Amino acid sequence: MPAQTFASSGPLKGTIRVPGDKSISHRALMFAGLAVGTSRIEGLLEGEDVLATAAAMRQLGADIEREENGTWRVNGVGVGGLLGPHEALDMGNSGTSTRLLMGLLASHALSATFIGDASLSGRPMNRVIAPLSQMGATFEASAGGTLPLMLRGASPPVPIRYRLPVASAQVKSAVLLAGLNTPGITTVIEPVATRDHTERMLKGFGVELEIGEEEGERAISVRGEADLTPCDVTVPGDPSSAAFFIVAALIVPGSDVIIENVGLNPTRAGIGAVLRQMGGSIEELNPREVGGEPVADLRVRHSSLKGIEVDPALAPSLIDEFPVLFVAAALADGTTRTTGLEELRVKESDRLAAMATALASAGAGVTEQEDGLTIEGTAGEPLRGSANAEVETHLDHRIAMAMAIAGLASRDGVRVDDTAPIATSFPSFTELLETAQR
Ligand code: S3P
């Protein structure tokens, strides 16, 4: 458990690049593993979560190699061709690996056991078990529908129409991926739009996918027994990783930084919209498309932020960015209120409780509600910091990184109890933070 103190060492300057998008990286490995033939992936995030997906796909029969130049080469087994793993699939900290692979395996005639770390083993899996059971898969889960769990794939699987009871791209993707090896048409209806990387990339791999509207809700249908055509994928920079540097530049006086190659898919772009509403100066330069996703370079300058009411309808488009948004709010002028964030309680940690405690120990004015936080900002005055008390990250990379950023805008620095989880999504975070402040 390496503890570390984060304190300001000056403004963020120059040009930086964040690693590849985590959501897109998982999907690229999985879909390439289902295509017959060779796919190549550029810019893959080499974080622990994605490496867990790569290891699992290898256990399921895909041939996956990293070439010396950093390109990943995948030879897939074909839809329906996944093999039963001899050993448990160790998902580490990764909810996305777990839920998407459960979907993929649910329509294959095989058994698999999923295990994970203490954080993942506390997270709810009933949200995928329910629809996948309707398709014919069976599960033996630990108490409360958690890992370790054993899955027996359906044989033959049956197609379903499923309306998402929670706004979750992971559940949507799990059902669509199960649909790939299911005869007939599998449909997911999402009352609230969530990230659409699965839909975009499946089309890129040649899958017949229809996106329509039913009574004002988005309906996504996939035709099963699909053939995936091998594909070359370029993964754009992760907006969720960029968010830590965006907020750092906004709150550290004198900062003016360019973050290159940031993914700006509209289903992920909520953090930019909310920070601009707070008065943040974030300019999009050189907009372009990378790997079927909109991308731009972002120029971010130190700004006087003001507190706002965050529209809960935007939550799915910045669901992973709330920890660092709370840090921005703690430095803003006035009160920021967030609501409708119950989902944050079932992420890698209970992010409402973890951030309320961590920010309070760093001297911020914060009140926790059932579905959000209310934060009184300092109007740009540095936070006191928490040099003598470690903030607890609860095996959650985003709590660790958000509080590291809070440390840059604090008098005494912020001591984070455990920086190891950062490697799940952003192994170069600390180094890049030093580079940006040199
Ligand atoms: C993800 C979806 C989101 C997000 C997670 C990645 C994905 O989870 O929080 O970090 O890649 O599909 P939910 O689907 O649980 O909202």
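Biologist: In β14, which residue is the bridge partner of I41?
Modeller: This is a predicted model, in which local features need pLDDT of at least 70, side-chain atom pairs count only at pLDDT 80 or more, and totals for chains, interfaces and linings use all residues. Residues are numbered from 1 along each chain as its sequence is written, and side-chain values use heavy atoms, with hydrogens and water left out. Strand β14 (residues 232–234) pairs with β3 in the parallel sense over 3 bridges; strands are DSSP runs of E, at least two residues, and helices are runs of H or I, at least four, numbered from the N terminus. In β14, the partner of I41 is V233.

Biologist: What is the order of the 4 strands in the open sheet?
Modeller: The edge strands, each pairing on one side only, are β6 (89–90) and β8 (138–142). β6 runs parallel to β7 (residues 111–115), with 2 bridges between them. The pairing in the sheet is mixed, and the order is β6-β7-β9-β8.

Biologist: Are α7 and α9 roughly parallel or roughly antiparallel to each other?
Modeller: The axes, lines fitted to C-alpha atoms over the stretch in contact, have angles from 0 to 180 degrees between N-to-C directions. For α7 (residues 239–251) and α9 (residues 322–330) the axes come within 9 Å and cross at roughly 5°. Angles under 35 degrees count as roughly parallel, over 145 as roughly antiparallel, 65 to 115 as roughly perpendicular and the rest as oblique. The two helices are therefore roughly parallel.

Conventions
Two strands pair if DSSP finds at least two bridges between them.
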